[in-house]
There are 2 protein chains.
Amino acid sequence: MEKGKLYLIPTYLSSTNNGDNITNAVKNVIRTTTYYLVENIRTARRYLSSLQLGLDIETIHFEPMDKRFDEQALPALFKPLLAGVNMGILSEAGLPAIADPGNLAVRYAHEQDIEVVCLEGASSIILGLISSGLNGQQFTFHGYLPIDPVLREKKIRTMEQIALSSGYSQVFMETPYRNQQLLTALTKILKPDTVLAIGADLTGQEQYSRSKKVSVWKKTFFKLDKIPCTFSIGIY
Amino acid sequence: MEKGKLYLIPTYLSSTNNGDNITNAVKNVIRTTTYYLVENIRTARRYLSSLQLGLDIETIHFEPMDKRFDEQALPALFKPLLAGVNMGILSEAGLPAIADPGNLAVRYAHEQDIEVVCLEGASSIILGLISSGLNGQQFTFHGYLPIDPVLREKKIRTMEQIALSSGYSQVFMETPYRNQQLLTALTKILKPDTVLAIGADLTGQEQYSRSKKVSVWKKTFFKLDKIPCTFSIGIY
């Protein structure tokens, strides 16, 4: 029997997004997908309903795959795929398998010779980088910074040093409620001529992308409390 | 007078894509944009026509911004923006400002306090990574590898060393007609247990994503001649 396909399905990046931010190619896959591995079941249901595709949400199967996810569960979760049924992965925002356990499922799919299919959608990492004007040809994404202030400061200094010596842009994130605090730390720690770019609510109605030297950020009041942001540092 | 906005507009990633792979949000911006900075004028015209939005392509202004682009031209090119007219940037494939001079225009926009707005679309870098099952939380993108075989081998060894020691996935590209040659080199140079992922024709009808250990790739015949690919190396 032919195996099903594992689709990596994008969702909204901004809370202000709607069906207009999702392609027909994605909607067409969603129309025929009834099994999902999801970071959050409530968000996933709400997303699929919002697309207004006439789906009967009650007949769709959702399996949680969040931070507490145990890889041992994969063989059981993959039973539909092995039986020829397609499955989708949905994260809480944007593309799956970046900052969620989705990559464990993708890895397992490759091991089982299950076809993995990705679909176009918004990635805050890439969108933050391209809207920064910084080097887009070489860059490193570091995920979330350490919470401990000492470790965080060390990480910021290391990233700046790499950016200045190699020209590779350095991209990172923070949980939204710590963004303001991070911006203050960045303006204190980074050198005045280093360029710091912030992309806030990317693709959303409140989208705000700004790149400035740290010396200019120091004199700028910029409220990014609780807004999802991508930070990039580099040189012009 | 209020300045125009600079839109970073995605285009098709695969030659088999069509309007179904572009969101309505993007199409709505294109409907009202008449000035473009483009990597290739012919590709840009063909793309806008293919969306079937009823645009009068003859009334749209295209300014080339390719490899030979001189930054000195920016002040003249930005005149419409300063006069309140929106402009778009279009690259040859996928998102602009990654592997084209688009980032110079974005940087100039920030210097001129012109609002930069990004839109959701396909990035082969991110899609290659998420469909690999490799670490998506920390990674480096290296752009195109050196052409010189000695420098290329050195770069491949350096990337593998970073992947194995730091866990950061290493993503890179090659011009399509050298892909097959690169795959042969990778299977010779990398260690047997290193995971090599290839994403070919991502989002396209011939999409093929596979992750395997190098020892397995060595025994696999895989034709990727002339197909746009993303390569990722890392550990499972």
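Which residues have the most contacts inside the largest nonpolar core? They are Leu6(A), Phe78(A) and Phe78(B), and the core they sit in has 68 residues. Keep in mind that this is a predicted model.

Stay with Phe78(B) for a moment. Set aside its neighbours within four places in sequence. Phe78(B) is then in contact with Leu6(B), Leu37(B), Ala105(B), Tyr108(B), Ala109(B) and Ile114(B).

Now the two chains. How are chain A and chain B superposed? A rotation of 180° does it, with 0.0 Å of shift along the axis and an RMSD of 0.0 Å. The copies are therefore related as by a two-fold rotation axis. Both copies also use the same surface: 100% of the contact residues of chain A recur in chain B.

On to the interface. The size of an interface is often quoted as the accessible area lost when the parts come together. Here about 4600 Å² is buried between chain A and chain B. Carbon and sulfur atoms give 54% of that area. In residues, 56 of chain A are in contact with 56 of chain B.

How many salt bridges are there between chain A and chain B? The count is 0. Polar contacts are another matter. Across the interface of chain A and chain B, 27 residue pairs are in polar contact, both partners at pLDDT 80 or more.

Which elements of chain A build its side of the interface? Each of these supplies at least two residues: helix H1 (24–31), helix H5 (102–111), strand S5 (116–118), helix H6 (124–130), strand S6 (139–144) and strand S9 (208–213). The largest share of that side comes from S6(A), with 6 residues.

Next, charges. Over all chains, the structure holds 10 salt bridges. Let me show you three of them.

Start in chain A. Arg107(A) pairs with Glu111(A), and their closest N and O atoms are 3.8 Å apart. Why are these two separated by about one helical turn? Because they are 4 residues apart in helix H5 of chain A. As a general point, an α-helix has 3.6 residues a turn, so residues three or four places apart point the same way. Glu111(A) is partly exposed, with a relative accessible area of 49%.

Look at chain B. Glu111(B) and Arg107(B) meet in a salt bridge through their side chains, at 3.8 Å from N to O. Both lie in helix H5 (residues 102–111) of chain B, 4 residues apart, about one turn. Glu111(B) has a relative accessible area of 49% and counts as partly exposed.

The side chains of Glu153(A) and Arg157(A) form a salt bridge at 2.7 Å, N to O. They too are 4 residues apart, this time in helix H7 (residues 149–166) of chain A, so about one helical turn separates them. Glu153(A) is partly exposed at 32% relative accessibility. Arg157(A) is partly exposed as well, at 42%.

Is Thr230(A) buried or exposed? It is buried, because its relative accessibility is 2% and the cut-off for buried is under 20%. Thr230(A) lies in strand S10 (residues 229–234) of chain A. A polar atom of its side chain is 3.2 Å from the backbone oxygen of Ser124(A). Leave out residues up to four places away in sequence, and Thr230(A) touches Ser124(A), Ile125(A), Gly128(A), Val171(A), Phe172(A), Met173(A), Ala197(A), Ile198(A), Gly199(A) and Leu202(A).

Over to chain B, and Ser50(B). This serine is in helix H2 (residues 41–50) of chain B. Ser50(B) is partly exposed, at 32% relative accessibility. Its side chain makes a polar contact with the side chain of Tyr12(B), at 2.6 Å. Gly19(B) is 31 residues from Ser50(B) in sequence, yet the C-alpha atoms are 7.1 Å apart in space.

Last stop, helix H8 (residues 179–189) of chain B. Its buried residues are Asn179(B), Leu182(B), Leu183(B), Ala185(B), Leu186(B), Thr187(B) and Ile189(B). What covers them? The cover includes two helices of chain B, H7 (149–166) and H9 (214–217). It also includes strands S7 (169–173), S8 (195–200) and S10 (229–234) of chain B.

Note on methods. Residues numbered from 1 in each chain as written. Chains lettered and ligands numbered in written order. Predicted model: local features only at pLDDT ≥ 70, side-chain atom pairs only at ≥ 80, totals over all residues. Heavy atoms only, no water. Buried < 20%, exposed > 50% of the residue type's maximum accessible area, 1.4 Å probe, protein only. Contact = heavy atoms within 4.5 Å. Polar contact = N/O pair within 3.5 Å; in protein donor to acceptor, adjacent residues only side chain to side chain. Least-squares fit on C-alpha atoms with pLDDT ≥ 70 in both. Core = buried A, V, L, I, M, F, W, Y, C linked by side-chain atoms within 4.5 Å. Buried area = accessible area lost by both parts, 1.4 Å probe. Salt bridge = Lys/Arg side-chain N within 4 Å of Asp/Glu carboxyl O.
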